[in-house]
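This briefing accompanies the sequence and the 3D structure shown below. Please read the points beside the structure, topic by topic.

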Amino acid sequence: MAGEVTAIIERSIAGVPITTAASGFTGFLLSPERVSVTVRGPASRVNTLTRDSVRVVAHLVGKAGPGGYARLTVSGPPGLVARAVPDSVSLKRKSGRG
């Protein structure tokens with residue numbers, strides 16, 4: 001069928017945990033620890049995605065400390081555009097209590 005068009009849709013996947021790849025996060029918590037990921041691409045592929053299909057990684061910006069933050073990048077299946085919402089998170093010092 002000539003001229004068949006694949007619908008491009010956008011979908012949000014909530015509650016995706018953030019992975020910290022670098023060691024600079026020791027002693028800190030991310031706030032929030034989970035984000036939503038907005039994925040855009042062909043409907044047939046986007047509709048089959050699960051939370052495990054995408055990976056959100058935090059990258060430390062500057063030094064870890066009060067007021068520090070991490071920028072988030074999303075890796076997902078090829079051919080899809082994915083972004084984290086929000087695209088950065090703040091750092092909170094882990095407390096020794098509890």
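Which residue in β7 does L30 stand opposite? L30 stands opposite L91 in β7. The model is predicted, with local features requiring pLDDT of at least 70 and side-chain atom pairs counted only at pLDDT 80 or more, while totals for chains, interfaces and linings use all residues. Residues are numbered from 1 along each chain as its sequence is written, and side-chain values use heavy atoms, with hydrogens and water left out.

**Overall architecture**

- The protein contains 1 helix and 7 strands, where helices (H or I, at least four residues) and strands (E, at least two) are DSSP runs numbered from the N terminus.
- From the N terminus on, the order of elements is β-β-β-α-β-β-β-β.
- The radius of gyration, taken over C-alpha atoms, is 17 Å, well over the 13 Å that the globule rule gives for 98 residues, so the protein is more spread out than a compact globule. The globule rule is 2.2 Å times the number of residues to the power 0.38.
- Along the principal axes, the C-alpha atoms fill a box of roughly 65 × 25 × 20 Å.
- Of the 98 residues, 27% are buried; buried means under 20% relative accessible area, exposed over 50%, and partly exposed in between, with a 1.4 Å probe and protein chains only.
- Among contacts (heavy atoms within 4.5 Å) with a separation of 6 or more, 62% come from residues 24 or more positions apart.

**The sheet**

- The 7 strands form an open sheet with mixed pairing, in the order β2-β7-β5-β4-β1-β3-β6. Two strands count as paired if DSSP finds at least two bridges between them.
- β2 and β6 (81-85) stand at the edges with a single partner strand each, so one side of each is left without a neighbour in the sheet.
- The twist from one strand to the next averages 40°, with axes as lines fitted to C-alpha atoms, for helices over the stretch in contact, and angles running from 0 to 180 degrees between N-to-C directions.
- β1 (residues 8-20) pairs with β4 in the parallel sense over 3 bridges, and T19 stands opposite V57 in β4.
- β1 is also joined to β3 by 8 bridges in an antiparallel arrangement; the bridge partner of I9 in β3 is G41.
- β4 and β5 (residues 69-75) run antiparallel and are joined by 7 bridges, with V56 opposite V74 in β5.
- β2 and β7 run antiparallel, joined by 4 bridges.

**Side chains and the nonpolar core**

- In a regular strand the side chains alternate between the two faces of the sheet.
- The largest nonpolar core has 20 residues, of which I18, V39, V56 and L72 touch the most other members. A nonpolar core is a set of buried Ala, Val, Leu, Ile, Met, Phe, Trp, Tyr and Cys residues joined through side-chain atoms within 4.5 Å.
- β1, β2 (28-31), β3 (34-42), β4, β5 and β7 (88-93) each supply at least two residues of this core.
- Leaving aside neighbours within four places in sequence, V39 has contacts that include I9, I13, V46, L49, V54 and L80.

**The salt bridge and its surroundings**

- The structure holds 1 salt bridge, defined as a side-chain nitrogen of Lys or Arg within 4 Å of a carboxyl oxygen of Asp or Glu.
- R40 forms this salt bridge with E10, the closest N and O atoms being 4.0 Å apart.
- R40 lies in strand β3 and E10 in strand β1, so the pair ties together parts that are 30 residues apart in sequence.
- R40 is partly exposed at 42% relative accessibility, and E10 is partly exposed with a relative accessible area of 46%.
- T38, in strand β3, counts as buried at 10% relative accessibility. Residues up to four places away in sequence aside, T38 touches E10, R11, S12, V81, A82, R83 and V85.

- N47 lies in the loop between α1 (43-46) and β4 (55-61).
- At 52% relative accessibility, N47 counts as exposed.
- The C-alpha atoms of N47 and A14, 33 residues apart along the chain, are separated by 14 Å.
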